[in-house]
Amino acid sequence: MAVTPQTNTTLAAIADALRGRDHFVICGHVSPDGDCLSSQLGLAWALRQMGKCVACVLACDEEPPRDLTFLPGAERLVPAARFTGPCEVFIAVDVPTPERLGDGAALMAAADLTVTIDHHAVPRAMSDLSYTDPDAPSTSLLIWELAALLGADRERLIATCCYTGLVTDTGRFQHQNATAAAFAGAAEMVAAGAEPPLVARFIFQSRSLASVRLEGLNVEHMALSADHSAALSWLSLADFETCRACKADAEPMVDVLRAIDGVEVACMLREQPGREIRGSLRAKGDTDVAAIARSFGGGGHTAAAGFTFTGSLAEAVDALAARLGIDDPVRPGEEGR
């Protein structure tokens with residue numbers, strides 16, 4: 001494991017600490033993805049096997065992504081702002097900073113013991129017990145290891161959750177983090193009851209019609225650098241209204257851009273209320289898009305990162321075009337030119 005500033009313990013020591021506690025709250029990051037929710041739910045099932053009282057909370061008061069509601073235990077998710085139960089131990093999974101905890105940060109501040117399990121490297125720790133392995137293909141693979149250390153029976157429920165986190169964070173085992181450890185973990189999870197066809201159907205084969213319509217606008221708004229190595233596109237609030245789409249419908253859009261032959265860096269901008277633009281970055285090859293995200297106040301992994309830009313959509317388009325070397329981006333109001 002690569003030593004990080006946040007890491008002050010081991011998974012085995014965390015397992016020992018959790019055995020002696022009874023009430024747990026598990027939280028992930030705002031705008032949770034497959035690895036985030038899968039890690040929360042997988043750990044919750046492991047702790048419940050030990051007779052623990054466990055609540056999984058959402059960082060913001062919003063519905064979880066529709067394609068993840070099949071996960072066992074997803075129906076028990078509660079917005080952190082509405083949670084009123086005991087919080088003896090607060091466990092942050094797949095989230096490196098308090099700012100990314102959203103409403104969960106208040107629960108963390110009130111807990112007797114705080115724990116972080118993650119694979120995002122940042123300069124500082126935020127918990128009493130922190131274990132961060134940036135070489136791990138997914139946080140859910142760390143949860144799979146922790147479940148074994150807890151002595152849990154890693155059966156179908158845990159395996160389904162952890163496999164979903166692994167397959168989504170490795171991009172169907174296509175990204176640079178699709179290591180031997182990822183495949184070994186996946187094999188264990190399938191042997192324990194995870195069903196790849198079932199997970200694939202919910203995650204990758206259940207797109208809404210609105211999402212497909214958004215993809216057409218995504219391509220219409222796309223601009224490429226002169227050598228076609230960078231792609232940039234955007235979706236406005238008006239686009240979502242036109243397509244009757246929700247935020248989750250836009251999830252595949254950045255991968256549509258990255259899939260283009262020759263594109264090494266793809267950026268997708270999504271307008272949100274209040275002059276906030278959410279940016280998603282993806283890479284092929286050796287390009288470090290986390291460095292690009294950090295230049296806009298965000299972060300992430302080498303091949304997948306994100307950020308929030310404060311300003312208008314047009315300003316965000318210009319800023320990212322300049323950063324990616326795109327001379328003539330399509331700006332809002334210039335579609336179809």
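Predicted model: local features only at pLDDT ≥ 70, side-chain atom pairs only at ≥ 80, totals over all residues.
Axes are lines fitted to C-alpha atoms, for helices over the stretch in contact, and the angle between two of them runs from 0 to 180 degrees between N-to-C directions.

**Helices α4 and α5**

Helix α4 covers residues 139-149 and helix α5 covers residues 156-169. Their axes come within 8 Å and cross at roughly 150°. Angles over 145 degrees count as roughly antiparallel, and therefore α4 is roughly antiparallel to α5.

On the α4 side, the contact is formed by S140, I143, W144 and A147. These residues meet I158, A159, C162, G165 and L166 of α5. By class, the contact has seven nonpolar and two polar residues, and no charged ones.

Helix α4 is also mostly covered, since eight of its eleven residues are buried. The buried residues of α4 are T139, S140, L141, L142, I143, W144, L146 and A147. After this helix comes G151, which has a positive phi near 85°.

**The second largest pocket**

The second largest pocket has a volume of about 190 Å³. Two elements give two or more residues each to its lining, namely α9 (237-243) and β9 (265-272). Of the elements, β9 gives the most to this lining, with three residues. The lining consists of L237, F240, A245, C246, K247, R270, E271, Q272, P273 and E276.

The table compares the make-up of the two sets of residues by class.

**The buried residue M253**

Where in the chain's helices is M253 found? M253 belongs to helix α10, which covers residues 253-258. Is M253 buried or exposed? A residue counts as buried when its relative accessible area is under 20%; M253 has a value of 0% and is therefore buried.

Leaving aside residues up to four places away in sequence, M253 touches R207, S211, L214, E215, N218, L235 and M268. A further pair can be described by two separations: M253 and C267 are 14 residues apart in sequence, and their C-alpha atoms are 9.3 Å apart in space.

Notes
Residues numbered from 1 in each chain as written. Heavy atoms only, no water. 1 Å grid on protein atoms, 1.4 Å probe; cavity = no way out; pocket = protein on both sides within 12 Å on 5 of 7 lines; lining within 4 Å. Points joined across faces, edges and corners; volume = space filled by probe spheres on them. Helix = DSSP H or I, 4+ residues; strand = E, 2+ residues; numbered from the N terminus. Parallel < 35°, antiparallel > 145°, perpendicular 65-115°, else oblique. Contact = heavy atoms within 4.5 Å. Nonpolar A, V, L, I, M, F, W, Y, C, P; charged D, E, K, R; others polar. Buried < 20%, exposed > 50% of the residue type's maximum accessible area, 1.4 Å probe, protein only.
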